[in-house]
Amino acid sequence: MKELIYQIIIRFFNSLFPIRKNKVLFISYYGNQYGCNPKYLSQYMVQQNRKWDIVWAFVRPKDYHIKGIRKVRYMSLAYFYELCTSKVIVSNYRMTSLFRKRKKQLYIQTWHSSLRLKMIEQDAEHTLPPHYVQLAKVDSQNIDFLLSGCQYSTSIFKRCFWYNGAIVATGTPRNDLLFKDNQKLKENILLKIGLSTTTKVALYAPTFRKGETLEYYNICYDDLIHTLEQRFGGTWCIAVRLHPHLRNLSEELRKNESSFIDVTLFDDIQELLFASDLLITDYSSLMFDFAITHRPCLLYVPDLKEYTSKDRSLYFSIEELPFLICKTREQLVEKINNFDTTSYTKKVSGFLRSIGSYETGNASKKVINLISQNIHS
């Protein structure tokens with residue numbers, strides 16, 4: 001009944017109100033954050049000082065105080081008005097089944113990674129709920145431009161996204177930040193997460209497992225901090241960011257370990273990557289973003305065989321990747337102790353060339369230019 005009411009409202013708005021040519025609606029992770037590619041595109045728009053009417057949809061609008069934008073509560077009556085009258089809609093996830101794209105609207109799908117390790121969409125169709133598959137197929141028919149971070153991603157999208165439209169080689173807007181050399185920004189991020197500006201950060205950002213278990217996330221934080229300080233010097237801290245699906249379990253993880261700070265609720269993972277000196281993950285696509293920095297990245301994968309057989313197939317064999325592979329906590333310590341900067345940098349550079357990376361630090365500019373060129377079409 002509720003969905004039917006929404007559909008009537010949308011038809012009413014579409015028939016009564018004209019599209020506003022300067023209005024752009026941004027949505028990130030279904031209104032649950034101010035981050036990812038939509039954030040960096042809207043920031044670039046604000047900096048341009050053009051007369052854009054920039055609207056963000058949030059589940060909790062009162063949580064955000066952002067200059068240069070208007071806010072609307074996601075799935076509210078006002079949200080549907082903005083959705084129906086925006087010239088451009090920008091999202092990093094599939095739009096819901098309530099989205100009825102109008103003829104003169106421009107829908108830009110940024111997706112939420114530059115490259116991925118885990119198979120997605122049609123390549124992973126057997127693991128996806130049928131209702132999502134149907135939603136994805138419909139959503140792809142509405143997309144005008146799909147952003148790609150590298151040639152390898154473009155080939156994946158062509159094969160598995162249920163999409164035959166334009167795939168644009170812009171790079172990934174959220175990765176523009178990782179090209180910056182801004183010590184003041186790094187210090188501000190460290191202060192925001194409660195650390196001193198001289199602290200070195202090892203970000204531990206694992207993905208989730210189907211069983212939503214914390215079984216594989218105990219990396220012996222005390223030993224790890226000691227090893228980092230011995231190998232690289234300085235004072236180190238481990239910042240743990242669990243996947244959004246697991247945010248309710250961060251307290252449970254803290255019961256067993258206290259030698260880390262919990263940044264699971266920190267909105268912008270890209271800022272955490274920017275401020276981190278080292279990354280530990282497992283199967284998360286964050287590894288490919290972090291590769292841009294050429295800073296050390298370790299993959300802690302104690303359940304590799306189980307994960308690939310039960311959770312998700314991978315686009316790469318783990319051994320093909322340039323990162324340091326660790327299947328035990330002892331190996332984590334060993335790989336850090338023996339880390340060779342020159343060898344690692346060479347491997348990462350070679351990998352970025354092999355995937356045909358489009359990342360130059362100017363993705364936001366390219367996408368906004370694309371919008372400007374097409375906004376009157």
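**Entry 1: the unit around S5**

I call a crossover right-handed if, with the strands pointing away from the viewer, the path from the first strand over the helix to the second runs clockwise. Helices (H or I, at least four residues) and strands (E, at least two) are DSSP runs, numbered from the N terminus.

I note here that the model is predicted: local features need pLDDT of at least 70, side-chain atom pairs count only at pLDDT 80 or more, and totals for chains, interfaces and linings use all residues. Residues are numbered from 1 along each chain as its sequence is written, and side-chain values use heavy atoms, with hydrogens and water left out.

I then looked up the neighbours of S5. Strand S4 (residues 86-91) runs parallel to S5 and is joined to S5 by four bridges; two strands pair if DSSP finds at least two bridges between them. On that side, valine 88 stands opposite leucine 106. Strand S6 (residues 145-147) is also parallel to S5, with two bridges, and glutamine 109 faces leucine 146 there.

Which way do the side chains of S5 (residues 106-109) point? Leu106 and Ile108 point one way, Tyr107 and Gln109 the other, and all are buried. Buried means under 20% relative accessible area, exposed over 50%, and partly exposed in between (1.4 Å probe, protein chains only). In a regular strand the side chains alternate between the two faces of the sheet.

**Entry 2: S1 and its partners**

I followed S4 to its other listed partner. Strand S1 (residues 20-27) is joined to S4 by five bridges, and the two run parallel. Arginine 20 stands opposite serine 86 in S4. S1 also pairs with strand S2 (residues 53-58) in the parallel sense, over four bridges. In that pair I found phenylalanine 26 bridged to tryptophan 56 of S2. S1, helix H2 (residues 36-48) and S2 make a right-handed β-α-β unit.

**Entry 3: two positive phi angles**

Tryptophan 111 has a phi of about 55° and lies in the loop between S5 and H4. Tryptophan 111 is buried, with a relative accessible area of 3%. Methionine 75 has a phi of about 70° and sits in the loop between strand S3 (70-73) and helix H3 (77-85). Methionine 75 is partly exposed, at a relative accessible area of 23%.

**Entry 4: the S10 to S13 sheet**

I traced an open sheet of six strands in the order S10-S9-S8-S11-S12-S13, with parallel pairing. Its edge strands are S10 (261-262) and S13 (324-326), each of which pairs on one side only. Strand S12 (residues 297-300) is joined to S13 by three bridges, and the bridge partner of leucine 298 in S13 is leucine 324.

From leucine 298 I looked along the chain to lysine 310. The two are 12 residues apart in sequence and 23 Å apart in space, C-alpha to C-alpha. Lysine 310 is in helix H11 (residues 304-310) and is exposed, with a relative accessible area of 56%.

**Entry 5: cavities**

How many cavities of 30 Å³ or more does a search of the whole structure find? I got two. On a 1 Å grid over the protein atoms alone, a cavity is a set of points where a 1.4 Å probe fits but cannot get out; lining residues have an atom within 4 Å of a point. Grid points are joined across faces, edges and corners, and a volume is the space filled by probe spheres set on the points.

The largest cavity holds about 60 Å³. Its lining includes Ser114, Gly149, Cys150, Phe288 and Glu359. By class I have six nonpolar, four polar and one charged residues in that lining. Ala, Val, Leu, Ile, Met, Phe, Trp, Tyr, Cys and Pro count as nonpolar, Asp, Glu, Lys and Arg as charged, and the others, Gly among them, as polar.

The second largest cavity holds about 40 Å³. Among its lining residues are Asn37, Thr110, Ser114, Leu147, Gly149 and Pro173. This lining has two nonpolar, eight polar and no charged residues.

**Entry 6: the whole chain**

The protein has 14 helices and 13 strands. Its radius of gyration is 21 Å, close to the 21 Å that the globule rule gives for 377 residues, so the protein is as compact as a globular protein of that length. The radius is taken over C-alpha atoms, and the rule is 2.2 Å times the number of residues to the power 0.38. Buried residues make up 56% of the 377.

Technical notes: 1 Å grid on protein atoms, 1.4 Å probe; cavity = no way out; pocket = protein on both sides within 12 Å on 5 of 7 lines; lining within 4 Å.
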